[in-house]
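Colleague: I would like to go through this model by question and answer. Please give the cut-offs as the terms come up.

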Amino acid sequence: MRAKKPKQKLVLVGNGMAGVRTLEELIKIDPDLYDITVFGAEPHPNYNRILLSPVLAGEQTLDEIVLNPWSWYEEHGITVHAGRKVVAVDRVKRIVRADDGTEAPYDRLLLCTGSHPFVLPVPGKDLEGVIAYRDIADTQAMIETAKTHRHAVVIGGGLLGLEAANGLMLRGMRVTVVHVSEWLMNRQLDDVAAGLLRQSLEARGLTFRLGAHTQELVGDETGRVKAIRFKDGSEEPADLVVMAVGIRPNVALAESMRLHCDRGIVVTDTLQTVTDARIYAVGECAAHRGVAYGLVAPLFEQARVAANHLAEMGYGRYLGSFISTKLKVTGIDLFSAGNFMGGEGTEEIVLNDPADGVYKKLVIQGDKLVGACLYGDTSDGPWYFELLREGRNVRGIRDQLMFGAPGV
Amino acid sequence: MSAMRETQSTCPYCGVGCGVIIESEGTQITGVRGDPAHPANFGRLCTKGSTLHLTATAAVTMQTRLLHPMRRTARGTAPSAIGWHEALDTATAKFAQVIRDHGPDAVGFYISGQLLTEDYYVFNKLAKGLIGTNNIDTNSRLCMSSAVAGYKKTLGADAPPACYDDLNHAQCLFVVGSNTAWAHPILFRRIEDAKRANPAMKIVVVDPRRTDTCEIADLHLAIQPGTDVMLFHGLLHLMLRESWTQPDYIAAHTTGFDALAARVHDCTPERVAQVCGIDARDLLETARLFATSAATLSLYCQGLNQSSSGTAKNGTLINLHLATGQIGRAGAGPFSLTGQPNAMGGREVGGMANLLGAHRDLANPAHRAEVAALWGLSEGHDVPATPGKTAVELFQAAADGDIRALWIACTNPAQSMPDQATVRRALERCEFVVVQEAFATTATCAYADLLLPATTWGEKVGTVTNSERRISRVRQAVPAPGATRHDWSAVTDFAQRLEALLPSSSAVSLFPYALDTEAGAEAIWNEHRESTRGRDLDITGLSWPMLDAQGPQQWPLPEGRSSGRARLYEDGVFPTLDGRARFYDVAYQPVAEAREPRYPFALNTGRLRDQWHGMSRTGTLGRLFSHAPEPVVQMHPEDMAGRKIRDGDLVEVTSKRGAIVLPAQSSTDIGLGQSFIAMHWGEEALSGRSHRGKRLAGVNALSNPAFCPESKQPELKHAAVQIVKADLPWSLLAVAWLPGDRVLAVQTALRALMPRFAFASCVPFGSGGALNAGTAERSGLLFRAADHDAAPADLLAEIEALLGLATPDTLRYADARQGQRRAARLVRSAADPTEARLDAFLLGGDTRSEAWIKPLLQDQLPAQAFGRQLLRPGATAPVRIQARGKVVCSCFGVTETAILTRLPQCTSNDRQRLAALQGELKCGTNCGSCLPELRRMLHATSVAAQPEAALS
């Protein structure tokens, strides 16, 4: 009888959105299969990291962004070790050990170690007032700094950098965004949409230095940052420097476990590590088919497949994600997905409504929608995303495509 | 501010010759109204006449007028401004060289029925007196020469015997080949008045088309094109059979009737009914009305004249008047309506290749000697005997290299001549082309080596003669703008210089006229007057002071008389050697180019209500495009259905001479197997690129240069054509409101882009509304094109830039691969920022949204609810709109929709319903040009509203 079989032990390393979502999916399928233990480096229950920006912007509070309160873990009989970082795993004995010596044995191990911000290797990067933007602590640091300091520089004009800049500005700081590319969010937007975004953010009070290469961060006599200096010799005052120039998967633990890593912990279509089938990796730390995703939607898709496999169903396969981007800056709607830059063999449909600040670009290849970049009006984003994911032939609706889903 | 001034002058449009009062302040014409004292119109003006002042605004002048002499160093390049001295020295040197090297017949003059009598006189004297060539012809050759030949062949002189007042005495009006309602609107108002005063008056209209003129007719004979002579013979056959002729009149005043009677013997009603495609009973009724009415007046125009049988048609119609004695009495006679304002004056001074001054004949040696004497030519210098080349022959000679220097004045042959392929070859081959013009925008200007700027309406000084032989003064209201000069003055200046370079033909200058003064014009006129002494058109009793004191006068008015003669031949004596009129015995000949399987449609051409000729003047006013907004070919709906052509589809119309592309429009006014294109659509408005990559030339790319052997007038009214659906899947429509001081310049720029498309048309439009309402009228442009493939992006960008669609706030949609490109610009209202209107749009590729977006713009409807939906494809409006509809009454801007909405509330009979409609909407209460159309709408709705009445 299966009910008499002793429960297996599942250990989750990383109390974040990817891991906890996997547990939720697993519990939905089979709540009694595992004894579950969770280690988390942050002292918080699982919270919605992507809502840190609204918190920074003062639009939400930290309490409001908690996804799974402590009670949730309790309800499902999950053992939590919060504020404890796992430092070693013995794959032979199948034991996890945390920095405080806590140990936990496992039958299956789920690695959701996430990622860490990349810090530019420039002189002054360790000065006081130079931070990254990743977690609640960073967010609180920014909120505190904004109360006492005036000049903020955000290095990185990507999604995270702009959200940080917007938040700091809303908290009263004079913010300059420094970006190495010629246009903002160059990984998510084309130059036109980025231009509109820049105009809109400038109108709100942000200042931009595009195509700017950081030479060093200059400190004052107390060891606090006071300015940023560029390769061209110019300087901007900076009491706070936020680095938002990208993330790197946290693979130190995995590497110490001798799991194969290449831009992340390399996993199969069932999210098992290629090195050790008992071990799964989900989320920003995982590299699937050479891609480590940094957005929430793919991570949820991975979670569903990993849970399916952990629940011994075994038919789920993760085949990679189409990703779409949204910027969480109130009043700015942008959306991009797929191959929105187009290029060889693709065709573009473009709509401009400058008066309303709307720009839309759809990229078509072989009668299929392969990319979309929307600015100002993203209401059709989900429809395009659906067309994109399903790879539907759009030849018959091509002329109407730009004007929204039929019957909506 | 300078004080307002009023100047009595004459309208420069049709041959009705209405008097106008020009209001001006300083150098600016500010208004126009009909001259109540002028006997042609008694204060009325038509849609064209009442908007004359709008064609003389500073904005129109700056954008369209030729204001300085200009010279092209090479064809196809932009001309550059030069001074008059340099210009005329260039012209004289070249003309003198050609005359010296190749003889006088190597030069030619092609002038215009819109020139004043004085202009004409100097041109004629220059060619025939100084240079010694008869190669001077005019666009009247395309217009009135068959009427001239018809009158001369029968009555003995080129003199319309009737007058406008005869309308009030006629019991039967026989209107043949004339859409009087549109072409001579003020005369049509007089017909309406006459019919109202005398409801017993019968009106028969003969026209292959059911025109607006038919609305007043008791009987409409829709004859097959070109069968008029058979009709007239058939009528005479019946008149003889029924003994409706006047043998006494025939015997007393005519010769040649027996031969004619024998000829019409076999023109039986059955045969005529078959050839003409009419009912034999209608034929009999027409014969009865014509012959037995107390007084029958024929009114006829280009339907008879523009024909390879033009003289025969005129002559055989006059036969009917002679045979029935319907001539020389009040209300009776053959009354040729003149197309142009001064075709009559031109004929009077002999400004054609086969005429001499005062109705003298070139072929007559005595006449030549008289003229030489009048001009004071020295011994041995005669008026040359060799007939000159008429219009078609002149351009053929230029195309063949025989004419090497060509002077074109006040006309636009690259628009109006038939067989444009030959005309363009002529203009290209000719060594030296002078174009003397008021407007820089005509197609012909592009071929000129030298452009000479001329004064025009409101600036000119001289006289014109209208259809009823009435001479009116043209007076100068404002100074000549820029460096423009009166045509006669520039030509006199040229002639005086040329005299110095040519062997002397006279002891003193042939051109002793004071340049650029009114006195100079009067001196020319006085010289012309002297030449009429003793002739049928003797005006030796007339003078400019008399015209000033007593107003316009009819000729003849010989010395000793105090007024002219209202009608001619009241005594039955005709200006022939024996005093008898001659019957014109001629066989019916079908059209020169029969329909055949490869060219199965008859193509007819004619006027629109609100346009004039090549539209160099009327085309400057958007409001005059509201009645017929764009070039179309009209066809019978069954012919279209058989060819799977829908309304608005582009068709290729091909004749043996050329092809053009334009949209088709169904009309039951057109007979089966026939088609109609308005004569106005030259390459200025309708063009494109031929299969060989050349610029398409407009309607006259198709027309037939075959001409009447007597009158040499070409058959512009008939060509055999093929009409097939054009396979041009990519289409473009761009429409924009533009500032008044830019719109015409933009139009010129867009014209240059037309040959970049297989089909292109470009026309202005206006905001309409009531004329003189005091509200600023807006104007815009509509550019339509089509091609095999999508136009290149840079070309579309150029069009967008011209139409104000290159602004940062322009809405845009582009799917380059599919050839789809759309742009639209909304402008927020300054008064109410929540309101926005569409200022410009461009649809490239899929233009079906034209159905709602064009009215949205042109009717200036609120568009704020549309936003990006303006870029949506498809014929269904994303937001419901109520378009204003086609404008029927231009004067008050009343639309068809407004009239049809109001009509059900107007009850009782048509006359009372019309009165109610006019009371409510004011439509048709100013110029009245829309009255026939209003009556048609009344008629249509009364039939529809009371089907039981139709059954009973």
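Modeller: Buried means under 20% relative accessible area, exposed over 50%, and partly exposed in between, with a 1.4 Å probe and protein chains only. This is a predicted model, in which local features need pLDDT of at least 70 and side-chain atom pairs count only at pLDDT 80 or more, while totals for chains, interfaces and linings use all residues. Residues are numbered from 1 along each chain as its sequence is written, chains are lettered from A and ligands numbered from 1 in the order in which they are written, and side-chain values use heavy atoms, with hydrogens and water left out.

Colleague: Is Leu168(A) buried or exposed?
Modeller: Leu168(A) lies in helix α5 (residues 159-170) of chain A; helices (H or I, at least four residues) and strands (E, at least two) are DSSP runs, numbered from the N terminus. Contact means heavy atoms within 4.5 Å, and beyond four places in sequence Leu168(A) is in contact with residues including Leu56(A), Met142(A) and Val242(A). Its relative accessible area is 0%, so Leu168(A) is buried.

Colleague: Where do the buried residues of α2(B) fall, seen down its axis?
Modeller: Among the buried residues of α2(B) are Trp84(B), Leu88(B), Phe95(B) and Ile99(B). The arc is taken from the directions from the helix axis to the C-beta atoms. The buried residues lie within an arc of 165°, so they line one face of the helix.

Colleague: Which exposed residues does the face of α2(B) turned away from its buried side carry?
Modeller: What covers the buried residues includes β6 (107-111), α3 (117-131) and α19 (487-501) of chain B. The face turned away from the buried side of α2(B) carries His85(B) and Arg100(B).

Colleague: How many parts in sequence separate Glu800(B) and Arg812(B), counted in residues?
Modeller: A salt bridge is a side-chain nitrogen of Lys or Arg within 4 Å of a carboxyl oxygen of Asp or Glu, and Glu800(B) and Arg812(B) form one at 2.8 Å, N to O. Glu800(B) lies in helix α24 of chain B and Arg812(B) in strand β33 of chain B, so the pair ties together parts that are 12 residues apart in sequence.

Colleague: What is the relative accessibility of Glu800(B)?
Modeller: Glu800(B) is one of the buried residues of α24(B), together with Leu795(B), Leu796(B), Ile799(B) and Leu802(B). Glu800(B) counts as buried, because its relative accessibility is 2%.

Colleague: How many salt bridges does the rule find across the interface of chain A and chain B?
Modeller: One pair is Arg817(B) with Glu347(A), whose closest N and O atoms are 2.6 Å apart. Arg868(B) and Asp353(A) meet in another salt bridge at 3.0 Å, N to O. Arg868(B) lies in a loop of chain B and Asp353(A) in strand β23 (residues 347-353) of chain A, so the pair joins two chains. Across the interface, the rule finds 5 salt bridges.

Colleague: What area do chain A and chain B bury between them?
Modeller: Buried area is the accessible area (1.4 Å probe) that two parts lose on being put together, summed over both. The contact takes 17 residues from chain A and 18 residues from chain B. With 47% of it on carbon and sulfur atoms, the buried area is about 1,500 Å².
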